[in-house]
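I opened my notebook to get to know a new structure, one entry at a time. Here is what I looked up, in the order I went.

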Amino acid sequence: MVKIALQIKATLENIVSVRTHTDYNYFLKIKCTNCSEESDKWHDVNEKETFPSKTAKSDVNFLVKCKLCSRENSLDIIPKSTGEYTSDDQGKFKTIVVFDCRGIEPTAFSPRDGWIAVAEESGKVFEDVDLTEKEWVDYDDKTNQSVGIYELESQFVKQK
Ligand code: ZN
């Protein structure tokens, strides 16, 4: 088992924090560590969805049979590993979720929609924030300020 953290970096405008949630779909590209086959397809992984696995001996959040070597690979979202990205974290990468990987590694992350962002001054909560374009702009009607998330980047880091 290999633990791999998904980290993000972003610039926040009048936003104090941005995060995913337990029903968020992480869209990932996956590589088989046995034969190095990498699929072009995006796979969605959701902490609330589970599938029965023979090799993992318990239910897993994501299960895939490698097209090339036919090995059954799986991945789990480690419960309570999710974290929020705050205005204090700007300029550096921070872990927002950790995956427990068996036989596969995520190679790319597509942020898409479903993020939750909180405005800095008013505390207004924006739900279902769409970061598909790696940026998002909205308006806080409580403070008459524009709010936004820009220059979203992501990376994967293996944990010891
Ligand atoms: Zn394979």
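**Entry 1: the zinc site**

I began with the zinc ion, whose protein donors are Cys32 (SG), Cys35 (SG), Cys66 (SG) and Cys69 (SG), lying 2.3 Å from it. A donor here is an N, O or S atom within 2.8 Å of the metal (3.2 Å for Na, K and Ca), and sites may look incomplete because water is not among the atoms.

Before going on, I noted that this is a predicted model, in which local features need pLDDT of at least 70 and side-chain atom pairs count only at pLDDT 80 or more, while totals for chains, interfaces and linings use all residues. Residues are numbered from 1 along each chain as its sequence is written, and side-chain values use heavy atoms, with hydrogens and water left out.

Back at the zinc ion, I looked up the spacing of the donor residues in sequence, and it reads C-x2-C-x30-C-x2-C. The four donor atoms subtend angles of 102 to 115 degrees, so the arrangement is tetrahedral. For four donors, that word requires all angles to lie between 85 and 135 degrees. For reference, the ideal angle for four tetrahedral donors is 109.5 degrees.

Then I checked accessibility, where buried means under 20% relative accessible area, exposed means over 50%, and partly exposed is in between (1.4 Å probe, protein chains only). Cys32 is buried at 3%, whereas Cys35 is partly exposed at 25%.

**Entry 2: the loop between β3 and β4**

Strands in my notes are DSSP runs of E with at least two residues, numbered from the N terminus. I found Ser36 in the loop between β3 (25–32) and β4 (43–46). Its phi is near 70 degrees, a positive value in a residue other than glycine. Ser36 is partly exposed, with a relative accessible area of 47%.

Ser39 lies in the loop between β3 and β4 too, but Ser39 counts as buried at 13%. Its side chain and that of His43 are joined by a polar contact of 3.4 Å. A polar contact is a pair of N or O atoms within 3.5 Å; within protein, one must be able to donate a hydrogen and the other to accept it, and residues adjacent in sequence count only if both atoms are side-chain atoms.

**Entry 3: Ser53**

Is Ser53 buried or exposed? I found it buried, with a relative accessible area of 9%. Ser53 sits in the loop between β5 (51–52) and β6 (59–60). Contact means heavy atoms within 4.5 Å. Leaving aside neighbours within four places in sequence, Ser53 is in contact with Ser58, Val60, Leu63 and Glu72. With Glu72 there is a polar contact between side chains, at 3.1 Å.

**Entry 4: a sheet of four strands**

Next I traced an open sheet with the order β9-β2-β12-β13 and antiparallel pairing. β9 and β13 stand at the edges with a single partner strand each, so one side of each has no neighbour in the sheet. Two strands pair if DSSP finds at least two bridges between them.

- β2 (residues 15–19) and β12 (residues 115–119) pair over four bridges.
- β2 and β9 (residues 85–86) are joined by two bridges.
- β12 and β13 pair over three bridges.

I followed the bridges across: Ser17 has Thr86 as its partner in β9 and Val118 as its partner in β12. Val118 in turn has Val125 as its bridge partner in β13.

Lys124 is in the loop between β12 and β13 (125–129). Lys124 is buried at 19%, and its side chain makes a polar contact of 3.1 Å with the side chain of Asp141.

**Entry 5: the nonpolar core**

Which residues have the most contacts inside the largest nonpolar core? I wrote down Tyr26, Leu75, Phe99, Trp115, Trp136 and Ile149, in a core of 32 residues. Strand β1 (residues 2–13) gives the most to this core, with five residues. A nonpolar core is a set of buried Ala, Val, Leu, Ile, Met, Phe, Trp, Tyr and Cys residues joined through side-chain atoms within 4.5 Å.

I ended with Ile149, which touches residues including Ala10, Leu12, Val18, Ala117 and Trp136, not counting residues up to four places away in sequence.

Key: Four donors count as tetrahedral if all angles lie between 85 and 135 degrees; four count as square planar and six as octahedral if opposite donors are over 155 degrees apart and all others between 65 and 115; anything else is irregular.
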